[in-house]
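Here are a few exercises to work through with the model open. Try each one yourself before reading the solution.

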Amino acid sequence: MALALQTFATVKDANAALKAAGTRYLGGGTLVVRAANEGDVSVSGLIRSTEPSLSTIAVADGKVRIGASVTMAAIARHPDLGALAKAARAVGGPAIRNMATVGGNLFAPAPYGDFAVALLALDAIVGTDNGETPVVTFLAERDGSRAIVTSVSFTLPKADSFRFLKVSRVKPKGVSVLSIAAVLQQAPDGTVSSARIALGCMADRPMRASAAEKALIGRKLTKDGIAPALAAAGDGIAPITDPIASAWYRAEVLPVHLGRLLLA
(Lines give C-alpha, C1' and ligand atoms only; values in the text may rest on other atoms or scores of the structure.)
Protein backbone atom coordinates (compact mmCIF):
# COMPACT_ATOMS: atom_id res chain seq x y z
CA MET A 1 0.00 0.00 0.00
CA ALA A 2 1.40 3.42 -1.00
CA LEU A 3 1.85 6.02 1.71
CA ALA A 4 0.53 9.53 1.14
CA LEU A 5 3.03 12.23 2.12
CA GLN A 6 1.92 15.76 2.97
CA THR A 7 4.35 18.61 3.67
CA PHE A 8 3.36 21.75 5.55
CA ALA A 9 5.18 25.03 6.07
CA THR A 10 4.22 25.30 9.74
CA VAL A 11 3.92 22.93 12.67
CA LYS A 12 0.43 24.30 13.32
CA ASP A 13 -0.78 23.15 9.90
CA ALA A 14 1.02 19.81 10.24
CA ASN A 15 -0.60 19.25 13.60
CA ALA A 16 -4.06 19.88 12.14
CA ALA A 17 -3.42 17.31 9.40
CA LEU A 18 -2.12 14.82 11.96
CA LYS A 19 -5.60 14.53 13.45
CA ALA A 20 -6.66 12.35 10.51
CA ALA A 21 -6.83 8.61 11.19
CA GLY A 22 -3.82 6.58 10.10
CA THR A 23 -1.43 9.53 9.90
CA ARG A 24 2.00 9.63 11.53
CA TYR A 25 4.50 12.45 11.76
CA LEU A 26 7.67 11.98 9.68
CA GLY A 27 10.94 13.26 11.08
CA GLY A 28 13.95 11.42 9.69
CA GLY A 29 11.91 8.34 8.86
CA THR A 30 14.16 5.80 10.57
CA LEU A 31 11.28 4.56 12.74
CA VAL A 32 7.99 5.18 10.97
CA VAL A 33 9.13 4.29 7.44
CA ARG A 34 10.74 1.09 8.64
CA ALA A 35 7.54 0.18 10.47
CA ALA A 36 5.50 0.77 7.33
CA ASN A 37 7.93 -1.24 5.21
CA GLU A 38 7.68 -4.10 7.69
CA GLY A 39 3.92 -4.23 7.33
CA ASP A 40 2.46 -1.81 9.86
CA VAL A 41 -0.89 -1.28 8.14
CA SER A 42 -1.99 1.26 10.75
CA VAL A 43 0.07 3.88 8.89
CA SER A 44 -1.65 5.23 5.78
CA GLY A 45 -0.24 8.75 5.58
CA LEU A 46 2.86 10.67 6.60
CA ILE A 47 2.91 14.30 7.72
CA ARG A 48 5.99 16.52 7.82
CA SER A 49 6.79 20.19 8.38
CA THR A 50 9.52 22.40 6.94
CA GLU A 51 9.22 25.14 9.57
CA PRO A 52 12.78 26.56 9.81
CA SER A 53 12.98 26.50 13.62
CA LEU A 54 12.72 22.71 13.54
CA SER A 55 16.16 22.47 11.92
CA THR A 56 18.12 25.02 13.94
CA ILE A 57 20.58 24.76 16.82
CA ALA A 58 20.91 27.76 19.14
CA VAL A 59 23.56 28.04 21.86
CA ALA A 60 23.64 31.21 23.97
CA ASP A 61 24.44 32.08 27.59
CA GLY A 62 24.98 28.45 28.51
CA LYS A 63 21.58 27.38 27.17
CA VAL A 64 20.98 25.05 24.22
CA ARG A 65 17.92 24.72 22.03
CA ILE A 66 17.92 22.00 19.37
CA GLY A 67 15.12 21.83 16.83
CA ALA A 68 13.35 18.49 16.62
CA SER A 69 14.39 17.94 12.98
CA VAL A 70 18.10 18.39 13.71
CA THR A 71 19.97 15.19 12.88
CA MET A 72 22.48 13.26 14.94
CA ALA A 73 25.13 14.09 12.34
CA ALA A 74 24.50 17.83 12.76
CA ILE A 75 24.84 17.56 16.55
CA ALA A 76 28.02 15.51 16.29
CA ARG A 77 29.75 18.15 14.16
CA HIS A 78 28.47 21.28 15.93
CA PRO A 79 31.41 23.20 17.43
CA ASP A 80 29.57 24.10 20.65
CA LEU A 81 28.14 20.65 21.35
CA GLY A 82 31.33 18.66 21.68
CA ALA A 83 30.17 17.21 25.00
CA LEU A 84 27.22 15.57 23.24
CA ALA A 85 29.10 14.35 20.17
CA LYS A 86 29.74 10.90 21.65
CA ALA A 87 26.05 10.40 22.41
CA ALA A 88 25.05 11.55 18.91
CA ARG A 89 27.59 9.23 17.28
CA ALA A 90 26.19 6.31 19.28
CA VAL A 91 23.09 6.37 17.08
CA GLY A 92 23.54 3.91 14.21
CA GLY A 93 26.07 4.36 11.43
CA PRO A 94 26.76 7.42 9.24
CA ALA A 95 23.72 6.87 7.00
CA ILE A 96 21.35 6.63 9.98
CA ARG A 97 22.92 9.65 11.71
CA ASN A 98 22.32 11.72 8.57
CA MET A 99 18.59 10.97 8.90
CA ALA A 100 17.82 10.26 12.56
CA THR A 101 16.40 13.31 14.33
CA VAL A 102 16.34 14.52 17.91
CA GLY A 103 12.56 14.41 17.97
CA GLY A 104 12.37 10.92 16.57
CA ASN A 105 14.92 9.57 19.04
CA LEU A 106 12.61 10.51 21.91
CA PHE A 107 10.10 7.96 20.58
CA ALA A 108 12.60 5.19 19.83
CA PRO A 109 11.85 2.04 21.87
CA ALA A 110 14.62 0.12 23.62
CA PRO A 111 17.21 -0.98 22.57
CA TYR A 112 17.24 2.25 20.53
CA GLY A 113 16.97 5.83 21.77
CA ASP A 114 20.53 6.32 22.99
CA PHE A 115 20.41 10.09 22.51
CA ALA A 116 17.20 10.27 24.54
CA VAL A 117 19.18 8.71 27.40
CA ALA A 118 21.58 11.65 27.19
CA LEU A 119 18.69 14.13 27.15
CA LEU A 120 17.24 12.51 30.27
CA ALA A 121 20.53 12.91 32.13
CA LEU A 122 20.67 16.53 30.97
CA ASP A 123 17.20 17.13 32.45
CA ALA A 124 16.06 18.51 29.11
CA ILE A 125 12.79 20.27 28.40
CA VAL A 126 10.81 18.96 25.44
CA GLY A 127 8.98 21.59 23.42
CA THR A 128 5.84 20.57 21.53
CA ASP A 129 3.10 22.41 19.72
CA ASN A 130 1.20 22.19 23.03
CA GLY A 131 3.90 23.75 25.23
CA GLU A 132 6.91 22.54 27.22
CA THR A 133 7.31 19.36 29.26
CA PRO A 134 10.21 17.94 31.33
CA VAL A 135 11.76 15.09 29.39
CA VAL A 136 11.12 12.60 32.20
CA THR A 137 7.39 13.36 31.99
CA PHE A 138 7.39 13.32 28.20
CA LEU A 139 9.03 9.89 28.05
CA ALA A 140 6.55 8.47 30.55
CA GLU A 141 3.58 9.74 28.51
CA ARG A 142 4.91 9.43 24.97
CA ASP A 143 2.86 6.39 23.93
CA GLY A 144 -0.36 8.36 24.09
CA SER A 145 1.03 11.59 22.66
CA ARG A 146 0.00 13.04 19.32
CA ALA A 147 1.78 16.34 19.92
CA ILE A 148 4.51 17.26 17.46
CA VAL A 149 7.89 17.69 19.16
CA THR A 150 9.41 21.00 18.10
CA SER A 151 12.59 21.21 20.19
CA VAL A 152 14.63 20.09 23.16
CA SER A 153 16.31 22.57 25.49
CA PHE A 154 18.82 22.16 28.29
CA THR A 155 21.67 23.82 30.14
CA LEU A 156 25.01 23.16 28.47
CA PRO A 157 26.93 20.90 30.88
CA LYS A 158 30.18 22.17 32.33
CA ALA A 159 33.43 20.71 31.12
CA ASP A 160 33.88 17.08 32.23
CA SER A 161 30.53 16.98 34.05
CA PHE A 162 28.71 15.06 31.28
CA ARG A 163 29.59 11.42 30.67
CA PHE A 164 28.15 8.93 28.20
CA LEU A 165 28.71 5.23 27.54
CA LYS A 166 27.13 2.85 25.07
CA VAL A 167 27.83 -0.87 25.31
CA SER A 168 27.27 -2.97 22.20
CA ARG A 169 28.48 -6.31 20.89
CA VAL A 170 28.92 -5.18 17.28
CA LYS A 171 31.40 -2.37 16.71
CA PRO A 172 31.17 0.43 15.80
CA LYS A 173 27.42 0.74 15.17
CA GLY A 174 25.76 -2.16 16.94
CA VAL A 175 22.50 -2.08 18.85
CA SER A 176 22.82 -1.27 22.57
CA VAL A 177 23.26 -3.86 25.26
CA LEU A 178 22.85 -0.81 27.48
CA SER A 179 23.66 2.88 27.51
CA ILE A 180 24.38 5.21 30.41
CA ALA A 181 24.54 8.99 30.62
CA ALA A 182 25.45 11.02 33.68
CA VAL A 183 25.78 14.65 34.71
CA LEU A 184 27.89 14.94 37.85
CA GLN A 185 28.78 18.03 39.85
CA GLN A 186 31.57 17.90 42.42
CA ALA A 187 32.26 20.11 45.43
CA PRO A 188 35.75 21.61 45.96
CA ASP A 189 36.65 18.66 48.23
CA GLY A 190 35.91 16.21 45.39
CA THR A 191 32.65 14.84 46.75
CA VAL A 192 29.63 14.60 44.47
CA SER A 193 27.22 17.45 45.13
CA SER A 194 24.62 16.51 42.51
CA ALA A 195 24.11 13.58 40.17
CA ARG A 196 21.74 12.71 37.37
CA ILE A 197 22.15 9.24 35.86
CA ALA A 198 20.03 7.91 33.00
CA LEU A 199 19.91 4.34 31.73
CA GLY A 200 18.96 2.84 28.39
CA CYS A 201 17.66 -0.75 27.90
CA MET A 202 16.89 -1.01 31.59
CA ALA A 203 13.19 -0.52 30.76
CA ASP A 204 11.19 -0.09 27.57
CA ARG A 205 12.34 3.54 27.50
CA PRO A 206 15.12 5.61 29.14
CA MET A 207 14.88 5.80 32.93
CA ARG A 208 16.63 7.60 35.79
CA ALA A 209 18.77 5.60 38.23
CA SER A 210 17.36 7.48 41.23
CA ALA A 211 18.73 5.17 43.93
CA ALA A 212 22.23 5.28 42.48
CA GLU A 213 22.04 9.08 42.23
CA LYS A 214 21.16 9.43 45.90
CA ALA A 215 23.88 6.99 46.92
CA LEU A 216 26.53 9.12 45.18
CA ILE A 217 25.78 12.36 47.00
CA GLY A 218 28.56 13.23 49.42
CA ARG A 219 30.81 10.48 48.10
CA LYS A 220 34.03 10.75 46.12
CA LEU A 221 34.45 9.18 42.69
CA THR A 222 36.77 6.45 43.89
CA LYS A 223 36.33 2.68 43.89
CA ASP A 224 35.16 2.71 47.50
CA GLY A 225 33.21 5.93 47.14
CA ILE A 226 31.00 4.69 44.28
CA ALA A 227 30.37 1.24 45.80
CA PRO A 228 26.97 2.18 47.35
CA ALA A 229 25.81 3.61 44.02
CA LEU A 230 26.77 0.45 42.16
CA ALA A 231 24.92 -1.65 44.73
CA ALA A 232 21.81 0.49 44.20
CA ALA A 233 22.06 0.64 40.40
CA GLY A 234 19.58 -2.19 39.87
CA ASP A 235 16.82 -0.69 42.00
CA GLY A 236 13.67 -0.25 39.94
CA ILE A 237 15.03 -1.54 36.64
CA ALA A 238 13.13 -3.86 34.31
CA PRO A 239 15.66 -4.69 31.56
CA ILE A 240 14.47 -5.80 28.16
CA THR A 241 15.24 -9.17 26.58
CA ASP A 242 15.94 -9.18 22.85
CA PRO A 243 18.24 -11.01 20.39
CA ILE A 244 21.15 -8.86 21.60
CA ALA A 245 21.01 -9.72 25.31
CA SER A 246 18.76 -11.12 28.00
CA ALA A 247 17.28 -9.10 30.83
CA TRP A 248 19.42 -11.10 33.26
CA TYR A 249 22.63 -10.26 31.40
CA ARG A 250 21.80 -6.58 31.16
CA ALA A 251 21.12 -6.40 34.89
CA GLU A 252 24.37 -8.22 35.68
CA VAL A 253 26.62 -5.95 33.60
CA LEU A 254 24.95 -2.65 34.56
CA PRO A 255 27.00 -2.04 37.73
CA VAL A 256 30.19 -3.04 35.92
CA HIS A 257 29.75 -0.43 33.19
CA LEU A 258 28.34 2.20 35.54
CA GLY A 259 31.46 1.80 37.63
CA ARG A 260 33.66 2.32 34.57
CA LEU A 261 31.72 5.45 33.63
CA LEU A 262 31.94 6.95 37.11
CA LEU A 263 35.66 6.26 37.41
CA ALA A 264 36.50 7.50 33.91
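**Exercise 1.** In which sense do strand β11 and β12 pair, and over how many bridges? Then place the pair in its sheet.

Keep in mind that this is a predicted model. Start with the pair: β11 (residues 192-200) and β12 run antiparallel, joined over two bridges. For a landmark, find Ala-198, which sits opposite Arg-208 in β12. Next, zoom out to the open sheet of four strands, ordered β9-β10-β11-β12 with antiparallel pairing. β9 (162-168) and β12 (207-208) are the edge strands; each has a single partner, so one side of each has no neighbour in the sheet.

**Exercise 2.** Is Asn-105 buried or exposed? Work out its surroundings too.

First, locate Asn-105 in helix α6 (residues 102-105). Its relative accessibility is 6%, and the cut-off for buried is under 20%, so Asn-105 counts as buried. Beyond four places in sequence, Asn-105 touches Val-91, Gly-113, Asp-114, Phe-115 and Ala-116. Finally, look at Ala-116: its backbone nitrogen is 2.8 Å from a polar atom of the Asn-105 side chain.

Note on methods. Residues are numbered from 1 along each chain as its sequence is written. This is a predicted model: local features need pLDDT of at least 70, side-chain atom pairs count only at pLDDT 80 or more; totals for chains, interfaces and linings use all residues. Side-chain values use heavy atoms; hydrogens and water are left out. Buried means under 20% relative accessible area, exposed over 50%, partly exposed in between (1.4 Å probe, protein chains only). A polar contact is a pair of N or O atoms within 3.5 Å; within protein, one must be able to donate a hydrogen and the other to accept it, and residues adjacent in sequence count only if both atoms are side-chain atoms. Contact means heavy atoms within 4.5 Å. Two strands pair if DSSP finds at least two bridges between them.
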